[in-house]
Amino acid sequence: FALSHPGGALGRKLLLTNKDIMHTDDRIPVVSDQATLKEAIIEMSAKGLGMTGITDKDNTLIGIFTDGDLRRWLDHDSFKTDLKITNIMTTNATSSKANVLAAETLTLMEAKKISCLFVIDEHNKPIGALNMHDLLKAGVI
């Protein structure tokens, strides 16, 4: 059915993968593990996905910092924009793979109560990023 009607809502849910809708290349919001909170905020704002990933020297994803994390930190006693991002990032972030169906990613995001995630390769390197708006725009929601 999905192959006969790829443009329909059901077809999109059965055929569309993360690779089809994720942000790639220079549109992926990432900073190095040496970045400050200020640099992470600038990257989040520039890319507009509500998050930035933190990568080590090998470009391996080691953490994530989101708009929600920022809001929680704004009220923290030790809030300073020169904080090292690795001191306040979330480790073990939920991620997905490129060939996973976008509908499965939506289910994962709903279960984890998150609105954005990174798409990683087999070496935990970020190759894409997406958020709920991307899934909505693609017709998955």
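Predicted model: local features only at pLDDT ≥ 70, side-chain atom pairs only at ≥ 80, totals over all residues.
User: Why does Thr-60 count as buried?
Analyst: Buried means under 20% relative accessible area, exposed over 50%, partly exposed in between (1.4 Å probe, protein chains only). Thr-60 has 18% relative accessibility, so Thr-60 counts as buried.

User: What makes the pair Thr-60 and Lys-125 a polar contact?
Analyst: The term requires a pair of N or O atoms within 3.5 Å; within protein, one must be able to donate a hydrogen and the other to accept it, and residues adjacent in sequence count only if both atoms are side-chain atoms. The side chains of Thr-60 and Lys-125 are joined at 3.3 Å.

User: How do you know that strand 5 and strand 6 pair?
Analyst: Two strands pair if DSSP finds at least two bridges between them. Strand 5 and strand 6 (residues 126-131) have five bridges, in the antiparallel sense. One of the partners is Ala-129 in strand 6, bridged to Phe-118.

User: Why are the buried residues of helix 3 said to be on the same side?
Analyst: Leu-37, Ala-40, Glu-43 and Met-44 are the buried residues of helix 3. They cover an arc of only 125° around the axis, so they lie on the same side of helix 3. The arc is that of the directions from the helix axis to the C-beta atoms.

Notes: Residues numbered from 1 in each chain as written. Heavy atoms only, no water. Helix = DSSP H or I, 4+ residues; strand = E, 2+ residues; numbered from the N terminus.
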